Amino acid sequence: MLKLPIYLDHAATTPCDPRVVEAMLPYFTEKFGNAGSRNHKFGWEAEAGIDKAREQAASLIGANEKEIIFTSGSTEGNNLAIKGAAEMYEKKPAGSPGGGRGHIITAIHEHKAVLDPCKRLQKEGFDVTFLEPPRDGVITAEAVKAAMRDDTILVTLMWANNELGTINEVPEIGKLCKSRSVLLHTDATQWVGKMPTNVERDNIDLLTWSGHKVYGPKGVGALYVRRRNPRVRLVAQIEGGGQERGYRSGTQNVTGIVGFGAACELCMREMDADGARLLKLRQKMETELTKALDVTQINGHQDRRLPHILNISFGFVEGEGLMMAIKEIACSSGSACTSASLEPSYVLKALGIGDDLAHSSLRLSMGRWTTDEQVDYAIAKITEAVKKLRVLSPLYDMHMEGIDINTIQWAAH
Ligand SMILES: *Cc1c(COP(=O)(O)O)cnc(C)c1O
């Protein structure tokens, strides 16, 4: 028997792998020491746990363990990378044409944890270019190149988009930034642990990722800070005891860090097999859904996408109704009607997708334990729900009769 509801929201968070939990357990009880305690075994044990995790994390992205700063997750990592680099490398007013503190490039469909720090810096005198993506959602090196200025100090672009799964041209952008001596930060929260990553080969200076997106615990993550060629420095955003090379003060979350390390090692070993299996499941899902239902659209680039994320819109369906009809499937919707705002997803809007199709979109994201059976169930359930809702839709009837909805002159009241 299939256990309901089915979890298809792995882009929001992943369950903790039981092997990760097992690695963490001793650090709650026997090995509870403060890694900063230099004078006794309890401190040394905790420190050894952190050292191992730092190696595991570094190894996953092709970095040196000295380049890993443990954080509370990607929101903190992004804040530290973006604000920390901007404050460290700001132009003195004379060096910047606008009299500003320096120029930063990002994109309008980034995660809020990148957009909000950028907006803060904008208020504080930095110039920020928010690139607008093309319809496929992919930011190219060409687009970044066109936006570059003499006073550009930082480019911050995600590796893969959390709503769409689309993949930006990060290695190409890395090459470009390197040639212009501009720092590149990438929010790689959706990418790392799922796809092979090498910060050295791809010229990344700063890279953020998070435990709970890679089958590790919540509240822990890491920021990679390049140490040579060039040696990147940041202005700390949390000050105090000087932990994590002074970049992130506060007693280390030893248990979380140990779990994060274990999760990274498992990803390293299993990402190829997981990815290949999930790609097949995603392809099945999109093939079956588009075959069974007309007026559907896959959002974002058709090929440059993570294997496990599908963002799909169903025409002539009301988003709210759709979510209600598929309660057995835990997934995300492009419709924000359930939250405080009535605005649909700003990411879908950024791609030029109309409000109707944005509202009626689903993000289905699979993970390490998603089965064929679960995917089959989801396909059947979604197909049934969309068909039922369309029976109630006069607009869908008109569409079927060949009337172009967009040319209708609605009667004024
Ligand atoms: C989840 C996510 C974040 C936020 O990460 P937390 O660890 O929850 O703070 C940031 N960026 C992207 C792309 C994400 O998917």
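Asn78 touches Lys83, Ala113, Val114, His185, Asp187 and Thr208, leaving aside residues up to four places away in sequence; contact means heavy atoms within 4.5 Å. The model is predicted: local features need pLDDT of at least 70, side-chain atom pairs count only at pLDDT 80 or more, and totals for chains, interfaces and linings use all residues. Residues are numbered from 1 along each chain as its sequence is written, and side-chain values use heavy atoms, without hydrogens and water.

Asn78 lies in helix α3. Helices (H or I, at least four residues) and strands (E, at least two) are DSSP runs, numbered from the N terminus. Asn78 counts as buried because its relative accessibility is 0%. Buried means under 20% relative accessible area, and exposed over 50% (1.4 Å probe, protein chains only). The side chain of Asn78 makes a polar contact with that of Thr208, at 2.9 Å. Such a contact is a pair of N or O atoms within 3.5 Å; within protein, one must be able to donate a hydrogen and the other to accept it, and residues adjacent in sequence count only if both atoms are side-chain atoms.

Ile82 is buried because its relative accessibility is 0%. Beyond four places in sequence, its contacts include Val114, Leu154, Thr156 and His185. The C-alpha atoms of Ile82 and Val155 are 9.1 Å apart.

## The two faces of α6

In α6 (residues 170-180), Val170, Ile173, Gly174, Leu176 and Cys177 are buried. They share one side of α6, because they cover an arc of only 165 degrees around the axis (directions from the axis to the C-beta atoms). Their cover includes α5 (141-147), β5 (152-156) and β6 (183-187). Exposed Lys175 and Ser179 sit on the face turned away from the buried side.
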